[in-house]
Amino acid sequence: MIRPPEAPLIGPSGASPAGTHTPGPSGTGPSPSHAEPAPAPGAPSLPGRARVVVIGGGIIGTSIAYHLAEAGWTDTVLLERDLLTSGTTWHAAGLMVTFGSTSQTSTELRQYTRDLYARLEAETGQATGFRPIGLIEVAADPGRLEEYRRVAAFNRHLGVDVHEISPAEVAGLWPLARTDDILAGFHTPADGRVNPVDVTMALAKGARMRGATILERTPVVDVLVRHGAVAGVRTPVGDIECEYVVNAAGMWARQLGERSGVSIPLQAAEHYYLITGPMPDVDPDWPVLEDPRSFTYIRPEGGGLMVGLFETRCAPWQVDRVPEEFSFGTIPPDWDRMGPYLEAAMSRVPASLDAGVHTFFCGPESFTPDLLPVIGEAPEVRGYFVAAGLNSIGILTGGGWGRAIAHWITTGRPDVDVTAVSIDRLHPYQATRGYRAARTVESLGMVYECHYPGRSMRTARGIRRSPLHDRLAARGAWFRDVSGWEGADWFAGAGSSPQEPAPTWGRPSYWEHWAAEHRAVRQGVGLFDMSFMATVEVTGPDAGVLLDRLSANAVDGGIGRITYTQWLNEGGTIEADLTVTKLAADRFLVVASDTAQRHVLAWLRRHAGAARVSVADVTSGISQINVQGPRSREVLAAVTSADLSDAAFPFRTAREIDLGFARGLCTRITYVGELGYELFVPTEMAAHVHDELVAAGEPLGLRHCGLKALGSLRMEKAYRDYGHDIDSTDDPLEAGLVFAVAWDKPGGFVGRDALARRRDAFGGRPPSRRLVQVLLDDPDPMLFHAEVLRRDGVEVGYVRSASYGFTLGGSVGLAMVDAGGDPVDAAWLDTGDWSVQIGNDVVPAQVSLSPRYDPRGARIRG
Ligand SMILES: Cc1cc2nc3c(=O)[nH]c(=O)nc-3n(C[C@H](O)[C@H](O)[C@H](O)COP(=O)(O)OP(=O)(O)OC[C@H]3O[C@@H](n4cnc5c(N)ncnc54)[C@H](O)[C@@H]3O)c2cc1C
């Protein structure tokens with residue numbers, strides 16, 4: 001067992017624990033904390049107004065100020081409570097790596113960040129400590145090898161120079177590392193390390209050089225809000241009026257947000273690394289060595305090694321409140337908890353065990369419920385931006401996030417897709433003390449888990465349950481976390497107690513259940529509990545006008561009409577993907593996916609202006625039960641007196657009907673490509689309606705179906721899922737949704753002009769970037785996400801989301817392809833020889849513009 005060192009746990013005073021701190025430009029190094037901040041002598045005075053106030057002088061805040069100033073918004077003031085870097089940034093390990101993510105946004109931001117850090121010194125005269133010593137990511141088990149092969153192919157597609165190398169080659173680059181148990185390494189030569197303090201100082205210097213003002217020892221005690229919008233900030237030495245605020249206050253962001261009613265569900269947690277004693281054989285130019293199976297990253301540091309740790313279960317820190325005066329602070333390390341991880345980590349370089357521990361460092365870092373940052377304009381307050389919760393990668397993405405936020409503020413939109421990271425994906429319940437304490441334990445460990453597909457969060461569960469929950473559980477539902485809801489993923493059958501499926505890149509253990517559910521919907525009838533869908537009622541004399549203005553399709557037609565539509569931003573790209581049902585002249589139901597709940601609400605409310613409308617989130621009050629499949633009409637007919645014939649109740653219509661003893665809205669619509677109905681019933685009647693449907697349906701073979709079947713069914717039909725296969729960087733032309741654009745409707749719609757310009761730019765030809773359906777020829781390999789697509793051997797895109805097509809007989813996905821200026825039309829697709837790279841394998845595929853399953857939609861109209 002590794003023991004605490006005799007020496008002090010923290011290095012010499014005035015140095016960062018990693019021994020890399022360089023004093024800032026004003027000669028200010030780490031200082032003792034101070035309860036009553038006072039402006040530094042000679043600092044600029046507090047202005048009475050500014051266009052933007054950035055709160056927090058860590059890597060994120062300074063990067064935002066830098067990029068705002070670079071964009072010409074020099075009327076920007078950054079306020080730092082104490083000294084720059086005094087929160088989390090000062091003690092970061094400084095890994096600057098681009099390899100490892102299957103998110104296009106994250107990979108692009110990492111690349112931009114690395115390039116920025118590489119050039120900042122020349123621009124500002126302030127060193128950043130950037131050293132491209134390289135990164136070797138080690139795969140020590142087959143699951144990880146498969147993961148890294150898949151990630152490497154995707155990262156290469158996006159321009160990251162990463163190569164698989166043998167264990168012997170790893171040993172050549174890292175002679176002290178134990179390599180007898182590893183399968184391969186993945187080498188990214190241009191990655192490396194930076195000095196986080198120096199980078200922050202360089203960004204601050206660059207921001208100042210371009211005209212931004214940075215004030216240290218100036219805490220923001222309140223963000224001032226007037227009529228739902230930011231009006232200014234308050235500090236102990238006065239107020240600043242402003243139009244925009246960016247809360248980049250790191251682990252304090254949640255507390256600061258609370259004061260203005262802005263929910264920012266992040267939580268500080270312990271985060272560790274150690275510095276060994278001297279190791280003369282270590283070459284300071286060896287690459288960063290990352291070995292997730294041993295919970296560690298290792299790099300040369302101060303004559304020895306830095307050994308960083310990501311333990312599987314971590315410890316939240318200061319769940320009640322992060323102390324306001326905590327500056328350049330450290331947390332006493334928990335040797336007992338961390339001992340086994342240390343042992344495993346140091347064993348990767350056995351000589352480190354002899355060198356001993358010089359410094360064992362623990363500092364706080366912010367983690368979020370899904371390990372993704374909290375980015376964007378808060379739904380609660382207009383002009384209140386948040387950039388926090390960086391989950392241990394704030395340095396290596398900080399340059400990019402600064403650029404994205406600055407772009408968002410100065411142009412009205414970010415320059416990357418932010419759907420996955422947007423603050424409005426999160427909910428206020430996730431900021432409760434209990435939730436944060438429970439969930440954070442899981443977050444940090446996920447960083448180094450093998451990222452098998454389909455993992456669901458395990459902690460803080462059971463928060464949002466549909467009224468059908470117990471009924472589904474009795475049928476053997478395996479539940480996953482769906483925006484906090486317990487969503488049935490698949491069913492093991494009545495009376496079964498399903499176990500968490502073993503992680504795999506192949507066919508999962510529940511394959512047969514999944515296949516049976518899929519087939520039940522194609523051939524008979526399936527029942528889905530979709531109560532997690534976001535449901536919003538828009539009422540009032542102007543409801544139709546407002547919704548028609550927001551929707552690219554014409555939604556204000558006949559009463560009882562369901563319209564599939566996108567909401568666009570002013571740039572003509574997609575903000576939301578939903579249905580609008582006209583229930584009465586002044587009453588509409590908007591239905592969107594669970595993740596879009598707060599985004600759709602905020603979008604509606606912000607665009608409502610003076611319109612005479614009321615917007616009510618009725619998600620909790622309405623349960624959605626879907627009956628889908630060729631026999632769905634028979635099932636429904638048994639519980640209602642309504643005429644369900646095609647003539648009386650055609651596709652894409654809605655009406656209130658009786659359902660057993662209950663009443664509910666019945667909409668004839670489908671997300672699986674069959675005859676089907678979506679029922680919206682008052683929550684307290686849902687169990688009754690369910691029981692009626694089951695009693696009528698089971699004799700006809702009705703089967704309960706889960707999200708896995710929903711996914712495979714919709715993928716065969718190429719139905720889009722916002723945030724998964726289409727996002728805010730796509731327009732309806734590229735997404736293949738132009739059929740849902742009412743170009744000429746009176747009054748137009750938000751984003752119409754921009755979309756028309758995009759259309760006209762192609763001169764009447766199809767766009768050169770287009771979402772296509774991909775079907776593998778070989779029935780065995782599995783597609784999940786981020787697999788690279790090739791035409792005649794040339795990479796042209798990647799699979800954004802995928803599933804298994806049980807009817808089509810192979811993995812099926814949706815991929816965005818780029819023809820490099822040529823139109824993506826049937827001829828271009830048909831004349832190509834298509835394949836998909838899955839890990840190191842290349843699998844032949846078919847590609848099409850229209851869905852391979854029932855392309856004419858005959859089954860839907862049945
Ligand atoms: C041990 C450890 C190792 C790490 N290693 C790496 C790594 O190798 N690579 C990597 O990319 N990331 C790493 N990280 C993560 C990285 O350090 C963080 O993600 C990043 O520093 C977060 O930056 P920030 O600007 O959001 O927060 P902070 O640096 O905490 O900045 C927030 C600032 O806001 C100020 N503030 C708070 N409240 C107010 C207020 N009311 N008014 C004014 N100012 C206020 C604070 O004083 C603070 O300076 C590591 C983290 C830890 C703990």
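Which residue in β10 does L224 stand opposite? The answer is G232. Keep in mind that this is a predicted model.

In general, strands of a sheet pair through backbone hydrogen bonds, either parallel or antiparallel.

Now the pair itself. Strand β10 covers residues 229–235, and β9 pairs with β10 over five bridges in the antiparallel sense. We already have L224 opposite G232. V223 stands opposite V233, again in β10. How many residues lie between β9 and β10 in their hairpin? There are two. H227 sits in that turn, with a positive phi of about 50°.

That brings me to phi values. Most residues other than glycine have a negative phi. Two loop residues are worth a look. T85 has a phi near 75°, a positive value in a residue other than glycine. You will find T85 in the loop between β2 (76–79) and β3 (95–96). Is T85 buried or exposed? T85 has 2% relative accessibility, so it counts as buried. Next, R652. Its phi is near 65°, also positive and also in a residue other than glycine. R652 lies in the loop between α15 (632–637) and β29 (654–659). Its relative accessibility is 28%, so R652 counts as partly exposed.

On to the helices. Two packed helices are described by the angle between their axes and the distance between the axes.

Pair one is α1, residues 59–70, with α2, residues 104–124. They pack at an angle of about 70°, and their axes are 14 Å apart. That makes α1 roughly perpendicular to α2. On the α1 side, the contact uses I59, Y66, H67 and E70. On the α2 side, it uses Y112, L116, Y117, R119, L120 and E123. By class, this contact has six nonpolar, one polar and three charged residues.

Pair two is α13, residues 543–550, with α14, residues 597–608. Their axes come within 11 Å and cross at roughly 115°. These helices are therefore roughly perpendicular to each other. The crossing of α13 and α14 is right-handed. From α13, the contact takes L546, L547 and L550. From α14, it takes W603, L604, H607 and A608. What classes make up the contact of α13 with α14? Six residues are nonpolar, one is polar and none is charged.

W514, E517, H518, V521 and R522 in α12 meet K708, A709, S712, L713 and E716 in α17. That contact divides into four nonpolar, two polar and four charged residues.

Keep V521 in mind for the next residue. G526 is in strand β22, residues 526–529. At 0% relative accessibility, G526 counts as buried. Which residues does G526 touch, not counting those up to four places away in sequence? They are V521, N626, V627, Q628, R703 and C705. For a sense of span, take G526 and Y429. They are 97 residues apart in sequence and 32 Å apart in space, C-alpha to C-alpha.

H469 is buried, with a relative accessible area of 11%; the cut-off for buried is under 20%. Leaving aside neighbours within four places in sequence, H469 is in contact with F479 and E486.

To recap the helix pairs: α1 with α2 is roughly perpendicular. The pair α13 and α14 is roughly perpendicular too.

Methods: Residues are numbered from 1 along each chain as its sequence is written. This is a predicted model: local features need pLDDT of at least 70, side-chain atom pairs count only at pLDDT 80 or more; totals for chains, interfaces and linings use all residues. Side-chain values use heavy atoms; hydrogens and water are left out. Axes are lines fitted to C-alpha atoms, for helices over the stretch in contact, and angles run from 0 to 180 degrees between N-to-C directions. Helices (H or I, at least four residues) and strands (E, at least two) are DSSP runs, numbered from the N terminus. Angles under 35 degrees count as roughly parallel, over 145 as roughly antiparallel, 65 to 115 as roughly perpendicular and the rest as oblique. Contact means heavy atoms within 4.5 Å. Ala, Val, Leu, Ile, Met, Phe, Trp, Tyr, Cys and Pro count as nonpolar, Asp, Glu, Lys and Arg as charged, and the others, Gly among them, as polar. Two strands pair if DSSP finds at least two bridges between them. Buried means under 20% relative accessible area, exposed over 50%, partly exposed in between (1.4 Å probe, protein chains only). A crossing is left-handed if the near helix is turned anticlockwise from the far one by less than a right angle, and right-handed if clockwise.
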